[in-house]
Amino acid sequence: MRRPADRRTARLGRTATLVVGAAALSLLAGCAPNETDAFYAPSDGLDTRDLGDVRGVNLLVLSSGEGDAGSLHGAFTNDGGSTVQIQVSPEGGSPVTVPVDAGDTVYLGTQDGEDATFASVDVAPGGLLPLTITAGEATEDISVPVLDGTLPAYSDSVPSTGPSAG
């Protein structure tokens, strides 16, 4: 038969173990890397990083096939104090120009947005299209995904013919 003092000691031992375990777990959780500091594009397209006051957000190209027209989608934001002419040049194709006023965001490929269509895209859907983006004196080379109308969100946005530029 156990004595009451032995039961109290056992209970205190279990409680102390739980407290020490919870404290250790709290300390170890603080050692995990903070993933919110990692740069990433949380959608289908890619973001720019090196264009000074201009940011490209969620950039991608919609096209029905290699050699067909391609529509640039995403947005450009100008955090600077003057209007910027952003030139987007696809590898092997003609550039399009997108003007963005100071402090403004221009959406690409939406009903109310700017139309930026390349005459021809040299990459099949599922591939990456190299783009050179120039905003003022800043230039950045990125490769954006080329998608087709398979996903319902993009099915009505794939261009059928011809280029246009802002």
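Which residue is the bridge partner of Leu-62 in E8? I looked it up and found Leu-147.

I note that this is a predicted model, where local features need pLDDT of at least 70, side-chain atom pairs count only at pLDDT 80 or more, and totals for chains, interfaces and linings use all residues. Residues are numbered from 1 along each chain as its sequence is written, and side-chain values use heavy atoms, with hydrogens and water left out.

**Strand E1.** I took helices (H or I, at least four residues) and strands (E, at least two) as DSSP runs, numbered from the N terminus. Two strands pair if DSSP finds at least two bridges between them. E1 pairs with E8 in the parallel sense over two bridges. With E2, E1 pairs in the antiparallel sense over eight bridges. I checked Val-54 and found its bridge partner in E2 to be Asn-78. E1 and E2 form a hairpin with six residues between them. In the turn, Gly-67 has a positive phi of about 90°.

**Burial.** I call a residue buried under 20% relative accessible area, exposed over 50%, and partly exposed in between (1.4 Å probe, protein chains only). In E1, seven of the 10 residues are buried.

**Loop between H1 and E1.** I found Thr-48 in this loop. Thr-48 is buried, at 7% relative accessible area. Its side chain reaches the backbone nitrogen of Gly-56 at 2.6 Å. Leu-46 lies in the loop too. I read Leu-46 as partly exposed, because its relative accessibility is 32%. The C-alpha atoms of Leu-46 and Ser-143 are separated by 8.1 Å, and the two residues are 97 apart along the chain.

How values were computed:
Polar contact = N/O pair within 3.5 Å; in protein donor to acceptor, adjacent residues only side chain to side chain.
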